[in-house]
Amino acid sequence: METTQALGEAATPDVYLRGCASRTALEVIANKWTHLAVCALRDGPMRFGALRRRLQGVTQKMLTQTLRTLERNGLVTRTLYPTIPPRVDYELTDLGRSAVGVLDEILLWSEQHSAEITAARQRYDDGVAEGEAPGL
C-alpha cells in the first residue's frame, strides 16, 4: 500500500513505492552498460576510445548515451582538453566511486555463476521445446 507524505515532510526512501525517487537511482545503476562503464572507470580517467575497447560489444551510440546519462546523474565527469585533436576524459565522481564496491560484487557474482545460469537456461529451453509448460 502506497503512502503519501505531507508537503515538507521528509519521506523515507522505499524503492518498492512507485513514486519513490530512489527508483531513479536504481534505474540508472541497473543498466548493463552503466554497470560495466562505472566498473571500467574505477581505476581512473579514461578516454572514450579506451573505454569502448574495454567494453567489448558496446556501440559508439550506446556508450555515448551511457556516458551522458552517467554525467547527467552525477556519477561521471567529462573533461574536455583544448588540444588538437580535442581530448576528452571520463572519470568517476565521488558518487560514482561510492557505487563501485557493490557493482564489483555483482560482476564477481555474475562471473562465478554464469555456468549455472547457462545450464539453467538450457534446461528451461529444453523443457519448453519438449512441450513442458514453464512453471510460475
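## Getting oriented

Buried means under 20% relative accessible area, exposed means over 50%, and partly exposed covers what falls in between. With that in hand, Asp104 counts as partly exposed, because its relative accessibility is 23%. Please keep in mind that this is a predicted model.

## Asp104 and its partner

Asp104 pairs with Arg42 in a salt bridge, and the closest N and O atoms are 2.5 Å apart. Asp104 sits in helix H5, while Arg42 belongs to the loop between H2 and E1, so this pair ties together parts that are 62 residues apart in sequence. Arg42 is also partly exposed, because its relative accessibility is 36%.

Gly44 can be found in the loop between helix H2 (32-40) and strand E1 (46-47). At 14% relative accessibility, Gly44 counts as buried. Its C-alpha atom is separated by 6.1 Å from that of Glu91, a residue 47 places away along the chain.

## Two other salt bridges

The structure holds three salt bridges. Besides the pair already described, Arg87 and Asp89 meet through their side chains, at 2.8 Å from N to O. Arg87 is partly exposed at 34% relative accessibility, whereas Asp89 is buried, with a relative accessible area of 7%.

Asp94 and Arg97 form another salt bridge, with their closest N and O atoms 2.4 Å apart. These two are three residues apart in helix H5, which means that about one helical turn separates them. Asp94 is exposed, with a relative accessible area of 60%, and Arg97 is partly exposed, with 41%.

## A pair of strands

Strand E2 (residues 76-81) and strand E3 (residues 87-92) run antiparallel and are joined by six bridges. A hairpin of five residues links E2 to E3. Val76 has Leu92 as its bridge partner in E3.

## The nonpolar core

Leu41 also features in the largest nonpolar core, which has 21 residues. Val38, Leu41, Leu51 and Leu55 are the members with the most contacts inside this core. The elements that contribute two or more residues to this core are H2, helix H4 (60-72), E3 and helix H5 (94-129). H2 gives the most, with five residues.

Terms used
Residues numbered from 1 in each chain as written. Predicted model: local features only at pLDDT ≥ 70, side-chain atom pairs only at ≥ 80, totals over all residues. Heavy atoms only, no water. Helix = DSSP H or I, 4+ residues; strand = E, 2+ residues; numbered from the N terminus. Buried < 20%, exposed > 50% of the residue type's maximum accessible area, 1.4 Å probe, protein only. Pairing = 2+ DSSP bridges. Core = buried A, V, L, I, M, F, W, Y, C linked by side-chain atoms within 4.5 Å. Salt bridge = Lys/Arg side-chain N within 4 Å of Asp/Glu carboxyl O.
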